[in-house]
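Here's a quick tour for anyone opening this one up for the first time.

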Amino acid sequence: MRYRRPLALAVLELPAPGHALAARVASALRRVDVVGSLGADELAALLPETTRDAATIPAARMLAAAGGGRAGICCCPDDAASAEALVEGARLALSRARPGQALALAELGAGEPGPVAVDPRMLAVLELTRKLARAELPVLVMGETGAGKEVIARALHAWSPRAGAPFVAVSCAAIPDGLLESELFGHAAGAFTCASGEKPGL
């Protein structure tokens with residue numbers, strides 16, 4: 001978290017307990033990856049510098065080296081931001097994986113509206129989002145670049161009675177301050193110097 005670098009945790013359920021399988025799994029990974037035991041038939045692998053998009057590759061190698069089993073993957077900071085939440089997310093994905101499958105936590109929400117989260121703080125944000133979606137209130141979502149503002153806005157829309165209406169995403173940072181009102185709400189001809197015609201707002 002300090003250096004804002006990605007990290008993935010893969011939890012592997014072994015087809016049979018044994019130290020020989022653990023050694024084979026460890027030899028199938030990179031030298032920077034760290035493999036440890038979570039029990040007689042469960043291994044965990046910390047995969048530094050591994051993004052959500054690339055995490056299934058080492059997990060598939062682990063499954064091949066073990067000769068079966070199944071795996072769950074959770075990524076930091078995309079899915080979780082603490083050690084406890086990473087383990088919980090990886091185990092949740094593991095519980096839903098089929099034999100021979102490496103399932104990422106992010107895949108659990110595929111086909112469903114809204115994000116998937118395991119971190120307690122993010123779960124609280126999603127619960128608030130669900131409550132706000134049912135209300136007829138204007139909502140302002142604020143945060144740093146990459147914090148997931150559009151994800152929350154899409155979830156608000158998908159969980160609201162307005163879900164059937166269009167959702168329009170606008171990057172307000174790309175619009176000059178003086179034109180923001182015109183872009184969002186439109187303008188009539190002659191409303192200002194350069195307004196030669198009527199323009200509908202986004």
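**Where two helices meet**

The axes of helix α4 (residues 120-134) and helix α5 (residues 149-158) come within 8 Å of each other, crossing at roughly 40°. Keep in mind that this is a predicted model.

**The α4 and α5 pair**

- Two packed helices are described by the angle between their axes and the distance between the axes.
- With a crossing angle of roughly 40°, α4 and α5 are therefore oblique to each other.
- The α4 and α5 crossing is right-handed.
- On the α4 side, the contact is made by Met122, Val125, Leu126, Thr129, Leu132 and Ala133; on the α5 side, Ile152, Ala155 and Leu156 make it.
- Sorted by class, the contact between α4 and α5 has eight nonpolar residues, one polar residue and no charged ones.

**The buried side of α5**

- Which residues of α5 are buried? They are Ile152, Ala155, Leu156 and His157.
- What covers these buried residues of α5 includes α4.
- An α-helix has 3.6 residues a turn, so residues three or four places apart point the same way.
- His157 sits in helix α5, and because its relative accessibility is 16%, under the 20% cut-off, His157 counts as buried.
- Setting aside neighbours within four places in sequence, His157 is in contact with Arg162, Ala163, Ala165, Pro166 and Phe167.

- Pro161 lies in the loop between α5 and α6 (177-185).
- Is Pro161 buried or exposed? Pro161 is exposed, at a relative accessible area of 64%.
- Pro161 and Ala10 are 151 residues apart in sequence, and their C-alpha atoms are 38 Å apart in space.

**Cysteines without a bridge**

- A disulfide is a covalent bond between the sulfur atoms of two cysteines.
- How many disulfides does a search of the whole structure find? The search finds zero.
- Cys74 is in no disulfide, and its nearest cysteine sulfur, belonging to Cys75, is 6.6 Å away. A disulfide would need the two sulfur atoms within 2.5 Å.
- Cys74 counts as buried because its relative accessibility is 0%.
- Cys76 is in no disulfide either: the nearest cysteine sulfur to Cys76 is that of Cys74, 8.3 Å away.
- Cys76 is buried too, with a relative accessible area of 8%.

**A cis bond at Pro77**

- Cys76 and Pro77 are joined by a cis peptide bond, with omega at about 10°.
- Where is Pro77 found? Look in the loop between β4 (70-76) and α3 (83-96).
- Pro77 is partly exposed, with a relative accessible area of 48%.
- Not counting residues up to four places away in sequence, Pro77 touches Met1 and Pro6.
- Pro77 and Val118 are 41 residues apart in sequence and 12 Å apart in space, going from C-alpha to C-alpha.

**Positive phi without a glycine**

- Arg4 isn't a glycine, yet Arg4 has a positive phi of about 55°.
- You'll find Arg4 in the segment before β1 (7-13), where Arg4 is exposed, at a relative accessible area of 68%.
- Glu49 is also a residue other than glycine with a positive phi, in this case near 55°.
- Glu49 is in the loop between β3 (42-48) and α2 (56-66).
- At 45% relative accessibility, Glu49 counts as partly exposed.

- Leu14 is found in the loop between β1 and α1 (19-27).
- What does Leu14 touch, not counting residues up to four places away in sequence? The list is Leu21, Val25, Ala40, Asp41, Leu43 and Ala66.
- Leu14 and Glu42 are 28 residues apart in sequence, while their C-alpha atoms are 5.8 Å apart in space.

Methods: Residues numbered from 1 in each chain as written. Predicted model: local features only at pLDDT ≥ 70, side-chain atom pairs only at ≥ 80, totals over all residues. Heavy atoms only, no water. Axes fitted to C-alpha atoms, helices over the stretch in contact; angles between N-to-C directions. Helix = DSSP H or I, 4+ residues; strand = E, 2+ residues; numbered from the N terminus. Parallel < 35°, antiparallel > 145°, perpendicular 65-115°, else oblique. Left-handed = near helix turned anticlockwise from the far one by under 90°. Contact = heavy atoms within 4.5 Å. Nonpolar A, V, L, I, M, F, W, Y, C, P; charged D, E, K, R; others polar. Buried < 20%, exposed > 50% of the residue type's maximum accessible area, 1.4 Å probe, protein only.
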